[in-house]
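This briefing concerns the protein chain shown below.

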Amino acid sequence: GGAGPRATPTLDDGFLYALGANGLLHCLDPQSGEEVWRQDIRIDAERKPPTWGFSSSPLVTDGVVIVHAGGEGEKGILAYDRETGELRWGAPAGDHSYSSPQLAEILGKTCVLMLTNAGLTVVDPSDGALVGEHAWKNDFYRVVQPLVIDESSVLLGTAMGGGTQRVEFRTENDKLTSAVVWTSRRMSPYYNDYVAYEDHLYGFDNNIFACIDLADGSRKWKRGR
């Protein structure tokens with residue numbers, strides 16, 4: 001809360017990009033604070049801010065600034081020209097998320113991952129074309145980032161007891177298809193991202209530090225507040 005955006009601004013090639021809680025996306029000169037351009041994603045996505053405001057850190061790649069907006073149809077993820085602010089493309093995604101678009105490589109494909117209340121959406125950063133998706137609908141808040149743990153596996157976390165899911169992707173007809181490896185309620189991350197290290201996952205299960213096995217999601221230990 002308080003003044004300023006709810007998500008980390010992004011510095012890229014001499015420009016600063018910040019999305020405010022009320023939906024104003026700014027491109028600023030980081031030296032002077034002078035505005036280069038602004039867009040209102042409430043207008044472009046035709047929606048009101050979510051409960052705790054828009055909280056998507058801008059992702060700058062392929063000449064565009066990508067944010068989650070949560071509008072209907074092609075207005076779930078929006079991409080703006082990094083220099084002019086012109087809307088370049090939109091793509092479907094869930095209508096609620098406090099996560100941010102994330103650049104990743106899955107099975108050799110460079111793509112953008114977006115974790116929302118609907119699950120995981122995977123799009124091409126150049127034009128927003130759908131590369132793949134994994135449905136995991138949940139009314140709990142999703143705040144943490146998807147965690148890529150190898151060339152084909154991604155972990156998806158959900159707060160408030162929703163748990164963590166390990167998803168395996170495969171290539172089929174030049175698209176990514178997904179399968180659930182396991183779902184574990186032994187790790188329900190809220191605000192803090194978790195860390196994968198030597199076949200284990202470390203993080204906060206709600207408010208208590210814990211460790212689970214990456215192979216099957218079973219708990220290794222949980223202690224401390």
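The protein chain has a radius of gyration of 18 Å, which agrees with the value near 17 Å that a compact globule of 225 residues would have. The model is predicted. Taken along the principal axes, the C-alpha atoms of the protein chain fill a box of roughly 50 × 45 × 30 Å.

**Secondary structure and contacts**

- The protein chain contains 20 strands and one helix.
- Among contacts in the protein chain with a separation of 6 or more, 43% are between residues 24 or more positions apart.

**Burial and surface**

- Buried residues make up 49% of the 225 residues of the protein chain.
- The protein chain has an accessible surface of about 10900 Å².
- Carbon and sulfur atoms account for 46% of that accessible surface.

- The largest cavity holds about 60 Å³ of space.
- The lining of the largest cavity divides into six polar, four nonpolar and two charged residues.
- Leu19, Pro50, Phe54 and Ala69 are among the residues that line the largest cavity, and each of these counts as nonpolar.
- Arg47 and Asp95 also belong to the lining, and both count as charged.
- Further lining residues of the largest cavity are Gly53, Ser55, Ser56, His68, His96 and Ser97, which count as polar.

Definitions and conventions:
Residues numbered from 1 in each chain as written. Predicted model: local features only at pLDDT ≥ 70, side-chain atom pairs only at ≥ 80, totals over all residues. Heavy atoms only, no water. 1 Å grid on protein atoms, 1.4 Å probe; cavity = no way out; pocket = protein on both sides within 12 Å on 5 of 7 lines; lining within 4 Å. Points joined across faces, edges and corners; volume = space filled by probe spheres on them. Helix = DSSP H or I, 4+ residues; strand = E, 2+ residues; numbered from the N terminus. Rg over C-alpha atoms; globule rule 2.2 N^0.38 Å. Buried < 20%, exposed > 50% of the residue type's maximum accessible area, 1.4 Å probe, protein only. Contact = heavy atoms within 4.5 Å. Areas by Shrake-Rupley, 256 points an atom, 1.4 Å probe, with all protein chains shown as cover.
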